[in-house]
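Me: I have a model open and would like to learn how to read it. Please take me through it one feature at a time.

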Amino acid sequence: MQATKSFEQAFLKHLLRGCRLSAVSYKSMSLQERKSAIKLSADVAMASARGGRKWTRGLITKLSKEDEHRSFLQLILGTEYGRLTKPCHGSWKIPRSKKIVRRSLRVCSRRKNNLRAPHGVKSSVLARTLVEKRTHALKRLVPGVESLDGYSLLDETLDYVISLRAQVDLMQKLLTTFEASKLGALSKCTLPERKASFVGK
Amino acid sequence: MPIEMSSRRSRITDEEINELISKLQSLLPESRRRSTSRASASKLLKETCSYIRSLHREVDDLSDRLSDLMSTMDSNSPQAEIIRSILRS
């Protein structure tokens, strides 16, 4: 499973726009501020290149929480900013999947409690099941999925993981390209060719 | 429309859930070592969380390296020209 070519193109454009914007004020930025600006650009680029998912909206919303970030985001995204922060409507699938997950969780916890619970101790007194704990941990890691469960949660998670991998991949490619150009390896190729091979036409 | 037909259409099938879980599992690094038997829900969640955290760390590291590189770049450098050509496309 891979992100599409249009994702790659959109991601690179937004990332580089963000880099260029932060480069303008580089002289006055601390090292940490520069790093945060690039990281912010990369996350905004990923969310906007994908667009239309719970996690993309969650991420942009989270990143917009700080005022300074918000104006930076609006500069990178322009008119897309409004579209990306619009709340989305839940799909009809969500109530169904909650039922399935609750049903299977109830069965699992009943089985586990029957094995572990000493006679007379209420299951509510015992620690939450591992699945619940880890589901909460997952919800802290994937933006925008607090209200989701079961199928929807896994669906968003899968999409988010695929996008994260693409983000890592593209940033790696960009770095490699820059480092190669520093060594003068590009002096033999013309730039349009180089660009074409980079974005994988 | 008969009730049975509409409920069959709107329920998420076990098959769909299993397919989703398989897809997720195939992305996780540890799944290559493990046999094809399905991991438990808690194991899947744990490995997914762990993988996401490691991807976040990679992005942090790559951001650091990119920002170092950008700070030494001036508008005449070949890197700047690469950036301009990608943004023009």
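Me: How are two packed helices described, and at what angle do helix H2 of chain A and H3(B) pack?

Reply: Two packed helices are described by the angle between their axes and the distance between the axes. Here, in a predicted model, helix H2 (residues 31–50) of chain A and H3(B) pack at about 115°, with axes 8 Å apart. Helices are DSSP runs of H or I, at least four residues long, numbered from the N terminus. Axes are lines fitted to C-alpha atoms over the stretch in contact, and angles run from 0 to 180 degrees between N-to-C directions.

Me: Which residues of H2(A) make the contact?

Reply: Contact means heavy atoms within 4.5 Å. H2(A) uses A:Leu31, A:Arg34, A:Lys35, A:Ile38 and A:Lys39, while the residues of H3(B) include B:Val59, B:Asp64 and B:Met70. By class, this contact has five nonpolar, three polar and six charged residues. Ala, Val, Leu, Ile, Met, Phe, Trp, Tyr, Cys and Pro count as nonpolar, Asp, Glu, Lys and Arg as charged, and the others, Gly among them, as polar.

Me: What salt bridge does B:Asp64 form?

Reply: A salt bridge is a side-chain nitrogen of Lys or Arg within 4 Å of a carboxyl oxygen of Asp or Glu. B:Asp64 pairs with A:Lys35, the closest N and O atoms being 3.9 Å apart. Two salt bridges are found across the interface of chain B and chain A. Helix H3 of chain B gives the most to the side of chain B that touches chain A, with 25 residues.

Me: How is the size of an interface given?

Reply: It is often given as the accessible area lost when the parts come together. Between chain B and chain A the buried area (accessible area, 1.4 Å probe, lost on being put together, summed over both) is about 5,100 Å², and carbon and sulfur atoms give 77% of that. The contact takes 48 residues from chain B and 53 residues from chain A.

Me: What should I know about numbering and cut-offs?

Reply: Residues are numbered from 1 along each chain as its sequence is written, and chains are lettered from A in the order in which they are written. In this predicted model local features need pLDDT of at least 70, side-chain atom pairs count only at pLDDT 80 or more, and totals for chains, interfaces and linings use all residues, while side-chain values use heavy atoms, without hydrogens and water.

Conventions. Buried area is the accessible area (1.4 Å probe) that two parts lose on being put together, summed over both.
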